Amino acid sequence: MADERHSAAQMIKIFKAEPSFMDRLKNDTDKMPVLEEVARKAERETAAWVSDTAVFRAAVGVLGALVAACPRRSRFEQSHSSRAAAGCTH
């Protein structure tokens, strides 16, 4: 997630990368259209924020469901189990 940015930080990068926006901001009497244009561009270029906690919980839930569906058994139980026939090899 190192490349994740906030749209405000992205706006600054846009102003630095494209001096024409800065020139328009300095010269135009109405600054809002320039700021709104840069803000829209920043929103398009910024990834949606995703909480690491939410992703972690989802991953743990999926892994938990997989473990619950295929519990570890002895080799004898695996070879004589209907789960072994279904593809569970743990």
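Accessible areas were computed by the Shrake-Rupley method with a 1.4 Å probe; for residues, only the protein chains shown count as cover. On this basis, the accessible surface of the chain is about 7,200 Å². Carbon and sulfur atoms account for 60% of that surface. The model is predicted: local features need pLDDT of at least 70, side-chain atom pairs count only at pLDDT 80 or more, and totals for chains, interfaces and linings use all residues. Residues are numbered from 1 along each chain as its sequence is written, and side-chain values use heavy atoms, with hydrogens and water left out.

The chain holds six helices and zero strands, in the order α-α-α-α-α-α. Helices (H or I, at least four residues) and strands (E, at least two) are DSSP runs, numbered from the N terminus. Of the 90 residues, 14% are buried, that is, under 20% relative accessible area with a 1.4 Å probe and protein chains only. Contacts are heavy atoms within 4.5 Å. Among those with a separation of 6 or more, 38% link residues 24 or more positions apart.

Helix α1 spans residues 7-17. Its residues Q10, I14 and F15 are buried. They lie on the same side of α1, because they cover an arc of only 145° around the axis. The arc is taken from the directions from the helix axis to the C-beta atoms. The buried residues of α1 pack against α2 (19-27) and α3 (32-45).

V62 belongs to helix α4 (residues 52-69). Together with L63 and L66, V62 makes a nonpolar surface patch of about 310 Å². Patch residues have over 30% relative accessible area and no salt bridge, with nonpolar side chains (Val, Leu, Ile, Met, Phe, Trp, Tyr) joined within 5 Å. A salt bridge is a side-chain nitrogen of Lys or Arg within 4 Å of a carboxyl oxygen of Asp or Glu.

Definitions and conventions. Buried < 20%, exposed > 50% of the residue type's maximum accessible area, 1.4 Å probe, protein only. Patch = residues over 30% accessible without salt bridge, like charges linked within 9 Å, V, L, I, M, F, W, Y side chains within 5 Å.
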